[in-house]
Amino acid sequence: MNSFGYVRADSVEEAVALLNAPGLTSRVLAGGTDLMVAVRAGETSFDRVVDISMIPALRRIEMNGARLRIGAAVTFSEIMRHPLILQGARFLADATHSVRTMQVTNAATLGGNVANAAAAADTPPVLVCLDAEAIIATPQGEHGSAPLWERAPVASLLRGHLKHAIPAGGLLIAFEFDPLVPETRNTFLKLGRRNALTISRINIAATGRQDNAGAIADVRLVAGACFSRPRRAHEVEAMLRGQPPSAALFAEAGQLMMRLMVQETGQRWSTEYKSRALAAMVEEALENVLPLHPEMATEAVRESMR
Amino acid sequence: MLRHTTHWVTKPANRVDGPDKANGKAKYAGDYRVPGQLATRALRSPIPHARILRIDTSAALKVPGVLAVITSDDFVDHGRFGFPVADNFILAYQKVRYVGEGIAIVAAVDAEAAEAGVRAIELDLEALPVIEDMEQALLPDAPIIPDVVTEGSKHGQPNICLTQIVRNGDPEPIIDASPVQLDQTYATPFQEHAYLEPEAVLSIPNPDGSVIIYACDQSPFNNRGVAAAVLGLPQDKVRVIQAIVGGSFGGKDEVVYQMSAQTAKLALLTNRPVSMVFSREESIMVSYKRDASQIRIRLGADRDGTLQAARVEAWLDGGAYSAETVLTAWRAAMHLAGAYKYQAVKGDVHVLYTNNNYSSAFRGFGNTEAVACIEQAIDEIAEQVEIDPIDLRLKNIIGKGDQTMTGATLNQEVGLRACLEWVRQKSDWDRKRREFPLQNKGRRYQKGIGVACYFHGMGLGGEGTDFANATVAIERDNSVTLTNGLTDYGTGARTVFTLIAADVLGARPERIKVLLTDTETAIDSGPTVASRASVVGGNATRVAVEKIAQLLTFAAANLLQCAPAQILRDKEAFIGPDEEPVDFDTVVNHARKLGYVLSAHGRWQLPVIHWDFAKGTGTPYVGYTFGAAIVEVTVHSGTGRVQADRIWAAHDIGKVLFPEGAYGQLYGGITQGLGYGLMEEVEFNHGYIHNVNFDDYIIPTAMDVPPIEATFIEAPFHLGPYGAKNVAEPSMLGVAPALANAVYHATGKRIRELPLTPERVLLGHALHNDDHGDNSRQWLGYGKGLGNVRVI
Amino acid sequence: MNTQIKFTLNGSPVMVEAPGEISLLRLLRDHLNLTGTKEGCAIGECGACSVLLDGRVVNSCLVLAPQVNGREVVTIEGLGQQDGAHSASDLQAAFVKYGAVQCGYCTPGLVIAGEALLRSNPMPTRAEIIDGIAGNLCRCTGYQQIVDAIEQTALQRAERTQQHAAAKVQE
C-alpha cells in the first residue's frame, strides 16, 4: 500500500503553506471521489494529502459584484440546488445533476472536477461555455505562506486528459462568471451508456440568444469527451452567428463539429460512432438553445432527456 | 392431505431473513472475523494460454508473515474436478487457459504479507497461441485447449467439447418446400452475474483433521463433494456451512468450490482459519460467465403464418473449461425453436473451448440465449407474412395436449395464451403498433414496442434425478426447526419453506426457523439450481411436516377423546367435536407425554423421465412454465441510445406461494433481462477482459428500469406444492428479444446481436475498444511489469 | 502509518488507531468490526458502502479514514438506534414488509440512501426516489419494491406527523 500522511487545512493560507511544505510532495484532497480511486489503483506520486474540503472560504456560492462566484470546494449537490445557479447558469446545475448519484454529488467538488481534468468530466465544458475564470492561490513568500491570488480562464487550465495547468503548489479557490441573462437559453446534453452512474461518452454545453428578428445573436458551444480538451467551438459559433436558425443550418453545424473532432483527435477506435453521435447531439443542443419555434419551452426538452 | 384454505401460504409475508439483512446484522462469508484468521492472495495467470514450465514457491515461504503456499501439487490428482466433464482444476495444472486463472495461493498474517509472498513466487510460462473466439477454435491448426479427450476429437475438432442434440423429424425438406423461409444468425454476449457480494470463503480447521468451510456457495453438498475429493478426505471430515449469500444467479458454484478447497487446504496446513475475499476486479476476472452464443435459425412457414419446421444450430463459447456449459447446452437444445408447434425440429448445440475465461450456469441456463434468438426470428417471420407478431404467436403456440418442439406431449395446463393476451391488452399493443411508425416520421426520438414469449422446462429434467430432503423438529420450547438440502442464496426459498410448514403444521411462521444449509445437519439434495427449490424443496418440506402434523392430530384426538378425523384446525387451534379449541402448545406437550417423536424427515422426487442424449429424443421435462413480455422503447435516432419506457410481463408460474418474493423475482429477472438486452457485455480483447469493475461493466440502475406492470397467471400444476411452479429463471427470458423487436419497430433496423448498445443501433455493428489487456493486468498485480513471472 | 482517528460513530465518540491511508469503509469493517457496511466495488460505483457523513450520504470507500476526524458518521448499525437500541427503524421494517430485500447485500446501503433522501425531502415523488437511489446498484430486485418501501415510509411518517400535530392542537 502507498504510504502517505493526512492533514486538514482550515484556511486558504494554511492550505497553500501545507501544499508547499519543503521535503514533502503534497496533493490536494477535496471530495476524494477521484483521489481515492487513484490511491486504490496504486497511485504513489505523493506522500501527503492536504484536505481542503472543510475550508469555509472555499464552500460559498455568492455574487461578487455582477459576477457569480462558486467556491472550489462547493459540492455538486450544493450546486444543483442553489437558486443563484438555477437562475444564472441552469446548465451547470444540470451537469452536476447528471451524475445522478447522491453519494458522489455530496462529495465531488467543482474544483476537483476541474483539477482532475478528466476528458469526460461533466462540469468543465459548462464552465468553458460560460467563459468562466478560475481564481487560484499560488505560493509566494517563504513556503508559500503569503499566497498570491491569480485569475485564469478555465479553458486555459485544461491541457488534455488528466492534465491541468494549475501552477505547482497552487490551489483553486473559486470560479467566476457572468450569469446568463434570461434571454439566453442554455442546455447540457449528456450521452452515457445508461441513465445514472455513467461516464459521458459525449457531453455538450451550449447557450444561445436570438435577436428580435429571430436571427442568432449569440451562440456558444462546447463539447466534452471528444476533443483533446473542452474548448469553445469558435468555428461553428462563427458559422451560426447572424443566421436565422434552421434545421439545415444546425445539420451543417453538426457536420462541421464532426470534422473538427476528427481533425483534432484523428481516427480512433470510437471515431466511427462518436463523430456521428456528436453531429446529432450538436443539432439537438442548438435546437434547444435556438428553438425554431421559440414557444417550445426548454423545460419540456429537459424533461424529454430525463 | 393438504387443506384447500391456506392461512400463510399465498398471503402477504415477511421474508424470514429480511430483518437481519435490513439491520446490517446478517453475516456474509466475508463478514466473519475469527481470532488468528489468515489472509490470502493469489498468483494468477497474466496471459490467456500458456504451459507452466516451473513454479518455485520457496522464496515466498521466506517472506515475513507468510505461513503457507499451495499449488496444484497440494491436491489429490492435482485438484482435477468438474461435472459432467472433469477438465477443471482447483489451481492450474500444467497449463493456464485464461487470464486470471489461479496458479498458487499464499496464506499470511495479513493481506500485505500475502501479496509480498505472491510477488516472491517464481513462475516460468511458455506462451501458447490464444484462441480468441469460436471461429478460431474450429480452425484446422487451432491449438487444443482441454487436456481431456472431447467428443469433438472423434471428428477432428478437439475444441468442441460436445454437441447436444434434439431430433424431432426431418425439418430441412419441409423448410425447403415452405413458401416462407428464414435463415438468419443471431448472437448473444457473455454476461457477468454481477451479484453485489463478491465471492468469499472462510475455512476453519479442527483438531481432528477435519475442516469447516463457510462459503457463499449455491450448492453446499456439491462443494463438500469436490473439497473432500481433492483434499483426500472422507466426506464427514469436510463440513460446508452456507453463509448468507449475497446473490448468485447461478454464479457461485465452481469458482466457490475452488476457493473452498484452496482455503480448506491452507487451513489444514497452517492449523489456522483462512479467509479469501475477492475484490470486484478479481470476481469479474476469475469467476465464470454466461456463455456467448451464435445461433443460426432456419424456419419454414406457410403464407398464413403457420410455422412448419425449424432447423437450429448453436455454438456456445464455453471458454477454457466446460463446467456446466455442457448442461446449459442441453437446456438450450430443448428450447431452441421456442414454445411453438412444428412438424419437425432438428437442433444441435456445440460447446466450444476458447481462452475467454470460462462459462457456466447463469439464470435461464441456455434458454436465455435460445429465447433471445428464436423470438427475434419469429418476429422476422411475422413481418414476412405481414401478420401482427402477437397474432402470429397465438396461432402457433403450444397448448395442453400439443407436441412441443422436442416431440414430447404437453400434459399440463398452459397459461401461455393468457399471458400473451394480458400483456397485449395492458400495453395497448394494437394501437401502439399501428400509430408509432406514423408518429416517428421525421422525429429525433422514435418509439417502438416489441413482444416475446417463452416456455421454460422445470427442474433438472433429463439432466438428473430431481429430489430434495427436508427435516423438521419441534424443539423443547415448541419452536419448529426445519432444514432443507436446497438452499436460499437470496431467492426467498427459506421463506417459502417456512410458509409451507406453517400451513401444513398449523403453526405461526414466527415459531418456525429454517436453518442455513449445513452439510452436517441437512440432508444432501443435489445442487440448488434450475429454479427447483420451491417445487422440489417445498414438497420435501411438506412431506416431512405432514408426518408431524399427523402425530399432532393423533395427540389432539387423544386429548379431546375423539377420532382423529373429527379434529378440525384453525391456524394454531385444534378443534374437537365439542368445539372448544385447544392451542398448539397444549397439543404438542400432550404429544410428548404420549411419547411421540416430534421430528421427521421428508424426501420428495419429481417423476422420473427419460431423455436419450445420443438420439436426441425423449421427454426432457415433467412440466413447463410460460410467459410473455412486452417492452416499449424510445430510440434516439442520432445517437442510437435506447431507453426502455415501460415493460409489461405476465408469467404462468402456477400457484404463487409467497407473493412479495415472487414479484421480487419477477422484477429482478426482468431487470437482468433488460441489462442483457441493452448494456451488459463482458468485453474480451485477445483473451483479456476489459470491463473488470462496475465502472465499465454496467448493469441497470434504478433510473434505467422503467415502470413494470406484471402479473402471474396461476395455471395450476399438479406436481407442485399447492399447485406451484417456479419463477426465478424464466422471469428474465422475454425481455431482451422484446427489446430487440421494439428497436426494430422503432427504427426499422434489425440488429441480431445483443446487447443493443448505441454503437450497434446507430452503426449496425459493435466497435472494439483499444484496451489490449492493461485493465486486467493492472488488477492482477502486473501493472508495473510481470515481476518474477517469466514468459517465454 | 498508523494515526489516531477520533469521531462520532452512531452517536457515540470513538477513538481508533488505524493506518491513515485506508478508506472509511475499511476502517469500519476491519478496525471497528462494523460489517453491516458492505464492499461491492471499492470505487464508488455501487453504493453498498453508503454511510451518513455529517448527515449526508457518501460512499465510504471514497472517504479517506482520517477525513472523518471530528465529524459524525452513521452506519446501518446506528440507524435504528433513535427508536431504541438496535430496533429496526420504520424504513428498515418497510424494506422487509414490501419485499425490498432479497439477497440483502445492497440493502444496508439502500436503507442509508433512502433515509438520507427522506431527511432532505420528506415527501419525495416516485421519480425523486428513483433519482435518490440511482447511486445504489441492486442485482436482485429490479428496484420496484425498494421504491415502494421508501414511498410508503414517507407516507407513514407524514401521517404520524399529522397525527402528532392534530394531537397537539387538541391539547
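Domain bounds here come from an automatic or database domain assignment. For chain A, that gives domain 1 (1-180) and domain 2 (185-305). This is a predicted model: local features need pLDDT of at least 70, side-chain atom pairs count only at pLDDT 80 or more, and totals for chains, interfaces and linings use all residues. Residues are numbered from 1 along each chain as its sequence is written, while chains are lettered from A and ligands numbered from 1 in the order in which they are written.

**The two domains of chain A**
- The C-alpha centres of domain 1 and domain 2 of chain A sit 26 Å apart.
- Their contact (C-beta atoms, placed from the backbone, within 7 Å) takes 21 residues from domain 1 of chain A and 23 residues from domain 2 of chain A.
- On the domain 1 side, helix H5 (90-97) and helix H8 (123-129) of chain A are the elements giving two or more residues; helices are DSSP runs of H or I, at least four residues, numbered from the N terminus.
- H8(A) provides the largest share of that side, five residues.

**Where chain B meets chain C**
- Chain B puts 44 residues into this contact and chain C puts in 42 residues.
- Helix H1 (18-23) and helix H17 (659-678) of chain B each supply at least two residues of the chain B side, and H17(B) has the largest share, eight residues.

**Helix H15 of chain B**
- H15 (residues 533-560) of chain B has 28 residues and reaches 38 Å from its first C-alpha to its last.
- That is close to the 40 Å expected at 1.5 Å a residue, taken as 1.5 Å times one less than the number of residues.
- Next comes B:Gln561, with a positive phi near 55°.

Note on methods
Contact = placed C-beta atoms within 7 Å.
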